[in-house]
Amino acid sequence: MNQAKRKKQPSQPTTSGPQLRLPDGESQEIEPEFLLLDPHNLRLMERTEGGIQDVGVKLIGQKSIQDKLYQIISGDSLFDIKSLETSIAHNGFLRHERLIVVKYDGEKYLVLEGNRRLTAVRHLVETHGQNLAGLPDYVRHSLKTLPCFVLNGPAIAGSEANLKEYRRASEVYIGMRHLLGAEKWHSASRYEFVARLILEDGWSPSDLAERFGRTKSE
């Protein structure tokens with residue numbers, strides 16, 4: 001009877017599963033040409049075509065694979081690279097928006113978070129050339145290097161196990177950024193913001209479209 005009356009002990013919190021915070025690392029400024037697109041980008045799962053996500057870790061750094069990823073991301077309206085590219089071209093790359101990367105080998109880094117931004121930067125280079133001719137000085141300066149958070153640890157060096165560990169360690173943090181990120185303004189809030197810029201600060205619809213990567217009709 002005494003045993004029957006004992007209160008049930010609370011269960012111990014589980015220690016399994018991915019971490020709830022981003023692993024330790026350090027901030028670095030890295031030139032875009034040393035950053036690799038990730039074939040395991042979750043946005044790629046929304047495409048009807050498959051195959052690219054099955055690329056082995058040793059092949060990720062190959063030019064043919066990187067070119068294919070670039071073409072997929074830049075050419076598919078699902079990723080909406082154009083609006084992001086337009087915003088960067090007029091505002092520069094926002095320094096507080098760091099890419100999350102891991103060392104791929106002795107020279108390159110794999111981008112776990114920020115593939116869309118990297119693609120937009122590459123498209124600007126493709127459009128304007130290596131010297132980014134035609135863009136304002138402050139924009140060109142912001143694109144020489146990109147702000148990155150490099151996770152601590154050894155280079156992936158062709159190891160599927162290393163890559164899996166890095167993904168597992170960072171996936172909850174990355175998921176929270178997308179699932180709990182800034183909520184879009186409702187219509188009234190958007191109208192008030194736009195009205196202030198036009199009526200009080202003298203912005204034109206063209207100014208708004210260029211700065212925020214939207215069309216004038218929007």
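Arg 167 and Asp 38 form a salt bridge, with their closest N and O atoms 2.7 Å apart. This pair ties together distant parts of the chain, as 129 residues separate the two partners. The model is predicted.

**The Arg 167–Asp 38 pair**
- Arg 167 sits in helix 6. Asp 38 lies in the loop between strand 2 (35-36) and helix 2 (63-75).
- Arg 167 counts as buried because its relative accessibility is 18%, and the cut-off for buried is under 20%.
- Asp 38 is also buried, at 1% relative accessibility.
- Side chains of opposite charge can pair when their charged atoms come close.

**Other salt bridges**
- How many salt bridges are there by this rule? The count comes to five.
- Arg 95 pairs with Glu 29, and their closest N and O atoms are 2.5 Å apart. The two are 66 residues apart in the chain.
- Arg 95 belongs to the loop between helix 3 and strand 3 (99-103), while Glu 29 belongs to strand 1 (residues 25-30).
- Arg 95 is partly exposed, with 35% relative accessibility. Glu 29 is partly exposed too, at 45%.
- Arg 117 pairs with Glu 97, with the closest N and O atoms 3.8 Å apart. This pair also links distant parts of the chain, 20 residues apart.
- Arg 117 is in helix 4 (residues 115-128), and Glu 97 is in the loop between helix 3 and strand 3.
- Is Arg 117 buried or exposed? Arg 117 is buried, because its relative accessible area is 13%, below the 20% cut-off.
- Glu 97 has a relative accessible area of 26%, so Glu 97 is partly exposed.

**The nonpolar core**
- The largest nonpolar core holds 46 residues.
- Which of them touch the most other members? They are Leu 35, Leu 99, Val 101, Leu 110 and Leu 143.
- Several elements each supply at least two residues of this core, including strand 2, helix 2, strand 4 (109-113), strand 5 (146-151) and helix 6.
- In soluble globular proteins, nonpolar side chains tend to be buried together.

**Helix 3**
- Helix 3 covers residues 81-91. Its buried residues are Ile 81, Ser 83, Leu 84, Glu 85, Thr 86, Ile 88 and Ala 89.
- Gly 92 follows helix 3 and has a positive phi, near 80°.

**Ser 170 in helix 6**
- Ser 170 is located in helix 6 (residues 160-179), the helix that also holds Arg 167.
- Ser 170 counts as buried because its relative accessibility is 1%.
- What does the side chain of Ser 170 reach? It reaches the backbone oxygen of Tyr 166, at 3.0 Å.
- An α-helix has 3.6 residues a turn, so residues three or four places apart point the same way.

**A nonpolar surface patch**
- Val 194, Ile 198 and Leu 199 make a nonpolar surface patch of about 260 Å².
- Val 194 is found in helix 7 (residues 187-200).
- Val 194 counts as partly exposed because its relative accessibility is 31%.

Definitions and conventions:
Residues are numbered from 1 along each chain as its sequence is written. This is a predicted model: local features need pLDDT of at least 70, side-chain atom pairs count only at pLDDT 80 or more; totals for chains, interfaces and linings use all residues. Side-chain values use heavy atoms; hydrogens and water are left out. Helices (H or I, at least four residues) and strands (E, at least two) are DSSP runs, numbered from the N terminus. Buried means under 20% relative accessible area, exposed over 50%, partly exposed in between (1.4 Å probe, protein chains only). A polar contact is a pair of N or O atoms within 3.5 Å; within protein, one must be able to donate a hydrogen and the other to accept it, and residues adjacent in sequence count only if both atoms are side-chain atoms. A salt bridge is a side-chain nitrogen of Lys or Arg within 4 Å of a carboxyl oxygen of Asp or Glu. A nonpolar core is a set of buried Ala, Val, Leu, Ile, Met, Phe, Trp, Tyr and Cys residues joined through side-chain atoms within 4.5 Å. Patches are made of residues with over 30% relative accessible area and no salt bridge: like charges are joined within 9 Å, nonpolar side chains (Val, Leu, Ile, Met, Phe, Trp, Tyr) within 5 Å. Accessible areas come from the Shrake-Rupley method with a 1.4 Å probe; for residues, only the protein chains shown count as cover.
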